[in-house]
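Please examine the sequence and the structure before reading each solution.

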Amino acid sequence: MTSAEKEKSSTGLCRPPLSPAAGPGRAMKVLLLVGLGALFFAYYWDDNFDPASLQGARVLLTGASVGVGEELAYHYARLGSHLVLTAHTEALLQKMNFLSYVQLTSLALPSLTDSKGSLVVVSSLLGRVPTSFSSPYSAAKFALDSFFGSLRRELDVQDVNVAITMCVLGLQDRASAAEGVRGVTRAKAAPGPKAALAVIRGSATRASGVFYPWRFHLLCLLRGWMPQPRAWFIRQELNITTPAAA
């Protein structure tokens, strides 16, 4: 009896032969992941933003008194743009609903069509990925995303050269935003000036979407793969616990 036969008889086990396709199949998966990663990073590193392109640009900025709107005003002013600012109190901004965006867009669209301008819509991650304890806010942001997504397609079909940039932002580091989610979420706020600069870069390059922080793009993609996330996963972002068993 050979040594291999002795080992087989002593253990009582026989290892199944490796499939010839196992090695190449695993290699193909690794190559696919590497390729997707390279495309993803190339997408975000391909920065053709030219600050000089905003010198003298005409910008109508709504909600310029607080948050990202205020930071956008500072950035555009430094870049030499001609600004028209509208400012409201924080309470009034919170009451602005979906219809106000539709009405303002309808009024501005003829002028934007003539000038081949662009619309930049500051939205939220909650307009792409619903979360707990934010039903009214998420509903309003989902409506924005649907309206401007449909409008973009209509403009494309009619060969109208008006760009629409949807900006998906997270929690901003201003006092009112932090107070509104205090004790509810563990999410960290993003710096307002950096978020505003990401919006400006996207609008200047006429990008279809801006995600800040960039990982939000991954979250939006994952939602397509996991439309019903487990409750355990959701609770990791919230300051809630499951009730104790009776």
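**Exercise 1: Two packed helices**

In this predicted model, helix 5 and helix 6 are roughly parallel to each other. Derive this description from the geometry of the two helices, and then describe their contact.

Solution. 

Step 1. Two packed helices are described by the angle between their axes and the distance between the axes. Helix 5 covers residues 98-115 and helix 6 covers residues 135-157; their axes lie 10 Å apart, at an angle of about 25 degrees.

Step 2. Angles under 35 degrees count as roughly parallel, and therefore helix 5 and helix 6 receive this description.

Step 3. The crossing of helix 5 past helix 6 is right-handed.

Step 4. On the side of helix 5, the contact is formed by Phe98, Tyr101, Val102, Thr105 and Leu109. Helix 6 contributes Lys141, Ala143, Leu144, Phe147, Phe148 and Leu151. Of these contact residues, nine are nonpolar, one is polar and one is charged.

**Exercise 2: The setting of Trp214**

Locate Trp214 in the chain and determine whether Trp214 is buried, partly exposed or exposed.

Solution. 

Step 1. Trp214 belongs to the loop that joins strand 5 (209-212) and helix 9 (215-225).

Step 2. The relative accessibility of Trp214 is 44%. Buried means under 20% and exposed means over 50%, so Trp214 counts as partly exposed.

Step 3. Val168 is 46 residues away from Trp214 in sequence, while their C-alpha atoms are 9.4 Å apart in space.

**Exercise 3: The whole protein**

State how many helices and strands the protein has, and what share of its residues is buried.

Solution. 

Step 1. The protein contains ten helices and five strands.

Step 2. Of its 246 residues, 27% are buried.

Note on methods
Residues are numbered from 1 along each chain as its sequence is written. This is a predicted model: local features need pLDDT of at least 70, side-chain atom pairs count only at pLDDT 80 or more; totals for chains, interfaces and linings use all residues. Side-chain values use heavy atoms; hydrogens and water are left out. Axes are lines fitted to C-alpha atoms, for helices over the stretch in contact, and angles run from 0 to 180 degrees between N-to-C directions. Helices (H or I, at least four residues) and strands (E, at least two) are DSSP runs, numbered from the N terminus. Angles under 35 degrees count as roughly parallel, over 145 as roughly antiparallel, 65 to 115 as roughly perpendicular and the rest as oblique. A crossing is left-handed if the near helix is turned anticlockwise from the far one by less than a right angle, and right-handed if clockwise. Contact means heavy atoms within 4.5 Å. Ala, Val, Leu, Ile, Met, Phe, Trp, Tyr, Cys and Pro count as nonpolar, Asp, Glu, Lys and Arg as charged, and the others, Gly among them, as polar. Buried means under 20% relative accessible area, exposed over 50%, partly exposed in between (1.4 Å probe, protein chains only).
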